[in-house]
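Let's walk through this model together, moving from the overall fold to individual residues. Please keep the viewer open as you read.

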Amino acid sequence: IMTEIEQKFKVGDIVTLKSGSPKMTVAKIVISEKTKMPNGYIKCTWFVNTSLNNNDFNQDTLELVT
């Protein structure tokens, strides 16, 4: 049985890795091809100087910047 994964963040939230990282913006909630539901991963974008970076992170490794 597939259960829906609770979304901890929404697009536009500012987050960092719990272990420390630049501030990143939540750009997309990743959807599983198989279940068509959020799979617990979040696509984040951030800049290093003028270079745009992006990657998918497990939402459990992220925390909201307050």
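This is a predicted model: local features need pLDDT of at least 70, side-chain atom pairs count only at pLDDT 80 or more; totals for chains, interfaces and linings use all residues.

Residues are numbered from 1 along each chain as its sequence is written, and side-chain values use heavy atoms, with hydrogens and water left out.

Start with the whole chain. The protein chain has 0 helices and 5 strands, where helices (H or I, at least four residues) and strands (E, at least two) are DSSP runs numbered from the N terminus. Read from the N terminus, the elements follow the pattern β-β-β-β-β. The C-alpha trace spans about 45 × 20 × 20 Å along its principal axes. Its accessible surface is about 4,700 Å², with 54% belonging to carbon and sulfur atoms; such areas come from the Shrake-Rupley method with a 1.4 Å probe, and for residues only the protein chains shown count as cover. Of the 66 residues, 27% count as buried. Here buried means under 20% relative accessible area, exposed means over 50%, and partly exposed lies in between (1.4 Å probe, protein chains only).

How are the strands arranged in the sheet? The 5 strands form an open sheet in the order 4-3-2-1-5, with antiparallel pairing; two strands pair if DSSP finds at least two bridges between them. Strand 4 and strand 5 stand at the edges with a single partner strand each, so one side of each has no neighbour in the sheet. On average, neighbouring strands are turned by 45° against each other, direction ignored. The axes behind that angle are lines fitted to C-alpha atoms (for helices, over the stretch in contact), and angles run from 0 to 180 degrees between N-to-C directions. Within the sheet, strand 1 and strand 2 run antiparallel and are joined by 2 bridges. Val15 has Met24 of strand 2 as its bridge partner.

A contact means heavy atoms within 4.5 Å. Among contacts in the chain between residues at least 6 apart in sequence, 35% join residues at least 24 apart.

Now for the charged pairs. Side chains of opposite charge can pair when their charged atoms come close. The count comes to 3 salt bridges, a salt bridge being a side-chain nitrogen of Lys or Arg within 4 Å of a carboxyl oxygen of Asp or Glu. In one of them, Lys8 pairs with Asp60, and their closest N and O atoms are 2.3 Å apart. This pair links distant parts of the chain, 52 residues apart: Lys8 sits in the segment before strand 1, and Asp60 in the loop between strand 4 and strand 5 (62-64). Lys8 is partly exposed at 46% relative accessible area, and Asp60 is partly exposed at 42%.

Lys43 forms a salt bridge with Asp56, with 3.0 Å between the closest N and O atoms. Here strand 3 supplies Lys43 and strand 4 supplies Asp56, 13 residues apart. Asp13 also forms a salt bridge, with Lys10, at 3.0 Å between the closest N and O atoms. Which member of this pair is buried? Asp13 counts as buried at 12% relative accessibility, whereas Lys10 is exposed at 54%.

Finally, look at the backbone. Most residues other than glycine have a negative phi. Lys36 has a positive phi near 60°, and lies in the loop between strand 2 and strand 3. Asn49 has a positive phi near 55°, in the loop between strand 3 and strand 4 (51-58). Lys36 is exposed at 57% relative accessible area, and Asn49 is exposed at 76%.
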